[in-house]
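Dear colleague,

Please find below the sequence and the structure that I am handing over to you. My findings follow directly after them.

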Amino acid sequence: MTSLRFVGAWQPSFVVAAAVLCSLIAFWLYRRRLSQADVGSAAWMLPTIRALAIFLLVLTFAEPTFESKIREGQLAKVTFLIDASRSMTVIDAGALQDRFARAVHTLRRKDGILQALQDQFEVEVRRFDDRPATLLWSSALSAPNPIEDAAQVWQPQSWSDHSALGDALVEVVASDSADRNQTVVLLSDGQNNSGASPVEIAAELAQRELTVFAIGFGPGSEPFDLALREVNVPERLVRSDTLHGTAYVIQTEAEGQTFSLQVEHDEEIVWHQDFIATMDRQRSIDFTISVADLYERVIAKLPPQAQYANLPIKLSARLIVADGEASALNNAQACYFEIAAQKSRLLLLDGRSRWESRYLNNMFARDPAWTVDAELQLSSPHHFEFPRSKEELFQYDLILLGDIAGNSVPADFPGWIREFVELAGGGLIVIDGARQNLRDPQFEPILGLLPVAWIDATTNARPAIRDAFAKFPQLSPSGRNLDALQLSTNDPNASLQRWSSLPGIEYVSKTEALPGSEVLIEAVNRIDRLPLLVTRRYGAGRVLFAASDETWRWRYQTADGIHSRIWLQLARWVMKPPMDLTSEFVSLDTSATTAAPGQPIELRCQLRRSDGQPSVGNQPTAVISSGGLVVARIPLAEESIAGNYSAQTASLPRGDYRLQIAAPGFSADSLDVHTDFSVIAPPSEEMQRIACNHDLLKAISEKTGGKTLLESEADQLTELLQPLRRGKIRVATIVLWQSYWWFSVVMLLLISEWILRKKVGLV
C-alpha cells in the first residue's frame, strides 16, 4: 500500500493553507499585470502556471513523502484491548487525565507503542467492557486509518457499569481464525465483575500458545474512598406510610473521616444527616421520610386535572465527602418506589366463615392499599346486598369467590362476573371448598372461566372426604419464575427453601388443568400429585383457581409472614391493573415503575371522548422522551376493552423516561399529562474498589507466559514483544520534496511559462 505523508516540522494543514494563499496572490498579481495586454488566452494560462509552481515550492516546507509498505512473510498479530468500564474514568491522585485517556495516550503518542509496532506486527486496537468489543484501529494494509486521526472514535459514548476481562479475551481470539501466533495486551485496572473467569480463560489460551500481556492503570492499594453501594426502599407504599430506607456505604481507608448522607427528591433535600466513618468495610444507614410530604410535593407540580392511582417516585441518595477522596463517581445512587394514591377494591364472598376466608378478610382489611367489601355467612339470598348492576360490580378490581351455595346468589350475578373478567379486564380468584358448592349449575357462566375441570364432578354437592396423607406445595417451573410467588426479594434459592418448609394441607379438590392454563403450584404426596393453584387469561382479565381452602395452615410458626405475602402478591398480580394516571380525556399506565435494560415495558392508555364514552377505532401513539428529547414514538394497538390501547417498548438504555400520548382528534392540551418510568441496572461492584487489581492481571498474564507491567513501565512492551515477531513489513520511502521528479515538475512549469511568454511577445 502506498500513501502520501507529510513529515516536516511544520503542521501540514498550515503549510497547505500557506501554499494555497501564496499561489492565489501570485495568480492575482500576474493576472492584474496582463489585464491591459492583448495576449488572448495566455492572460489566464500564464498566471495559472506561475501559481502552480509557487504552490509546489511552498508545499516543500511540509516535506511530502511517498511511503510504500510491502509485507514479507506471515506477520504475528498483536491485539490491544482497552478497558472501557466506568472504573477507567477515575482520575488518580497526581494524574491530569482519567485512566482510559492515559491508556489511549500510552498507545497513540508520537513515537509510542503503536508507532513502533505497526511495521513489525499486524496490530489491532479494540475497546471492551461487558458488550461486544469495538475495533478502533488496525495497521492492516487495507485499513487507511493513521494513528493520529483515530482519537475521535476511541472514547465510548457511554461507560459500562460492568467489566468482563474473560469475555473480552474469548471474543478477540474467536474473531481471528488465522493459524498464526497471536498476542493480546490488556490495558485495564484489573476490575472484573461480569462474565467468564479471566484466569480460567487464560489457562485455555495458554494451551493454544497465545500470550497475554497486561498494563495496569491505577494505584496498587486502595486509597481513601467512600462509596454508596446500594439504597433499598419498599417497592410500594400508601400515603399514610412512612418510608423506611437503608443505604449501604462502603468505607475504604476512611476511619475517622466526616461525611454526610442526604436524600433528594427533584433536587430538593428531603433527609440529611452527618456521620463519622468507622473501620468497618461496609455499614448500613437507615433513614425515614414521610410519604405524605413526598406525595404533596409531587402532586403540587402536576396538572390539576390529573388523578394518580400509582404515583412513581424517584429518590437520589448522595454522599457529601470532604476533599481528599479518591473518586466521587461512586457517591450517588437512585432508588424508586410508587405511592398507591388510590385503594384497590376487593369483593370477597363466601358461603360460610371458613378459616381461609376469615384470615384473608382480616388481611385485606388491615392493608391500607385495599378496600374490602366482604360477606362470609350467606345463609339466604337477602342476607347480603349484592352489587345492584354490572356497572356497580365493574367498580371492583378483584373478586374473591368462595364456596357459595348456588341458591344464595341472584340469577344474573354469575353472568355479571363472567363479563367482569372477559370484558372489563377484572381479576377473579376462586377458592374451592369441601362442600363443592361451586359445581352447582347456577354457576355455569363462571365455570366456563375456570382453568380446571373437576375429575369427580357431580351435580349433587356433598362434603368431600379429606385425605389421610397431607399434601405439600411444590412450585412448577412457571411458579418458580413468577414474581407473585417469590418469598424472598433478592434470593430465588431462599424463596424455594421457604416453599419447601411449608406444612402440608389435607383437602385438595381433584381437578385437572385445562389446555391453555398454567399450573403454578402442585399439591404432592407419595400417592397423589394434584393442581393446587392454576391460572389462565380469559378475555381481558385473569382467573386464578385454588383447589384448597387450607393455605391458612401455612401460617404455622410464621403468622402473617408467609401466608399474607403470598396472597397479597397474588391479588396484585390477578387484579385488574388500574391506570396509573387518569385525566378527563386519557388514562395512562406502565406495567412497571422500573425495568432492567433490555426488559420490555407494557404501555397502556384509555381514550375518552368529551361525553365520557370510550374513543374506539383511534390510532394513538406513545411518545417516550428522556431529558426533554423524544427518543421513541410507538403506535398503540386497540385492545378488547373499548377505548383501551397498548404496546410494548423496545429495548431502552438506562435512564429516566416520560410517557405521553398523541392521538388524532385530540388536541395537545387535552392530552397534556404524563407518567414516568425508569430503566435501571442492578447494583454493580464496578466502582466499589478503585485500586488496580494487579494480582488478577498478573495471574492472567503469567498463565500464558506473559508479563504484567505498571503504567510507568509500558514502554518495555515493545522490547518484550520482539521475540514474538514472525514476518516483517518493508517500507520503501520516496522523499518527494528532495527528488528529481519534484524538481523537474517545478522546472517544467517555469520553462512552460517562459516559452508561452515568448510566444505572445512578452519576452
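**Overall architecture and helix H6**

Of the contacts in the protein between residues at least 6 apart in sequence, 74% join residues at least 24 apart. Please bear in mind that this is a predicted model.

The secondary structure of the protein amounts to 17 helices and 38 strands. The radius of gyration is 37 Å, well over the 27 Å that the globule rule gives for 763 residues, so the protein is more spread out than a compact globule. Along the principal axes, the C-alpha atoms fill a box of roughly 130 × 70 × 55 Å.

Buried residues make up 49% of the 763 in the protein. As for charge, the protein has 72 positive and 91 negative charges, whose mean positions are 5 Å apart.

I also looked at one helix in detail. In helix H6, which spans residues 198–207, the buried residues are Pro198, Ile201, Ala202 and Leu205. These cover an arc of only 105° around the axis, which puts them on the same side of H6. Their cover includes helix H5 (165–174), strand E7 (211–216) and helix H15 (694–703). Glu200 and Gln207 are exposed and lie on the face of H6 turned away from its buried side. Just after H6, Glu209 adopts a positive phi of about 60°.

With kind regards

Notes. Residues are numbered from 1 along each chain as its sequence is written. This is a predicted model: local features need pLDDT of at least 70, side-chain atom pairs count only at pLDDT 80 or more; totals for chains, interfaces and linings use all residues. Side-chain values use heavy atoms; hydrogens and water are left out. Buried means under 20% relative accessible area, exposed over 50%, partly exposed in between (1.4 Å probe, protein chains only). Helices (H or I, at least four residues) and strands (E, at least two) are DSSP runs, numbered from the N terminus. The arc is that of the directions from the helix axis to the C-beta atoms. Contact means heavy atoms within 4.5 Å. The radius of gyration is taken over C-alpha atoms; the globule rule is 2.2 Å times the number of residues to the power 0.38. Lys and Arg count as positive and Asp and Glu as negative; His and the chain ends are not counted. The place of a charge is taken as NZ of Lys, CZ of Arg, CG of Asp or CD of Glu.
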